[in-house]
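Let's take a look at this one together. Have the chain in view as you read.

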Amino acid sequence: MKRVKAEDPVAMREHGLHRYHAGDFKSGFEYVKRAAELGDGDAHHNLAVLYLRRGYDGGSDAKKGMHHMEQAAIAGHPDSRYNLASFDNHH
């Protein structure tokens, strides 16, 4: 928790994912979102998945999901790069 309080983006992302998967969706989502705001490419990828699958309040949000997928790809996240290339080839 010390690294989370220091706003270490990796620690915040991991803490947020742990909370999210434990059922604390709102808090978990906020930690992952903050990690993305601090520039963590993996957090952007995770947010993309969360927005595209479930969203903040249980509904998906494709526009926000694609935004975060693009940010993750720009940061070099390989899965996001692949997903965007696949999307471009099919649309």
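Which residues have the most contacts inside the largest nonpolar core?

## The core

They are Val-4, Met-12, Phe-29, Val-32, Ala-43 and Leu-47, in a core of 14 residues. A nonpolar core here is a set of buried Ala, Val, Leu, Ile, Met, Phe, Trp, Tyr and Cys residues joined through side-chain atoms within 4.5 Å, and buried means under 20% relative accessible area, exposed over 50% and partly exposed in between (1.4 Å probe, protein chains only). Helices H2 (9–21), H3 (25–37) and H4 (41–53) each give two or more residues to this core, and H3 brings the largest share, 5 residues. Helices are DSSP runs (H or I, at least four residues), numbered from the N terminus.

This is a predicted model: local features need pLDDT of at least 70, side-chain atom pairs count only at pLDDT 80 or more, and totals for chains, interfaces and linings use all residues. Residues are numbered from 1 along each chain as its sequence is written, and side-chain values use heavy atoms, leaving out hydrogens and water.

## H2 against H3

The axes of H2 and H3 (lines fitted to C-alpha atoms over the stretch in contact) are 7 Å apart, at an angle of about 160°. Angles run from 0 to 180 degrees between N-to-C directions. The two helices are therefore roughly antiparallel, the word for angles over 145 degrees.

Now for Glu-7, in the loop between H1 (2–5) and H2. Its phi is near 60°, a positive value in a residue other than glycine. Most residues other than glycine have a negative phi. At 34% relative accessibility, Glu-7 counts as partly exposed.

Technical notes
Parallel < 35°, antiparallel > 145°, perpendicular 65-115°, else oblique.
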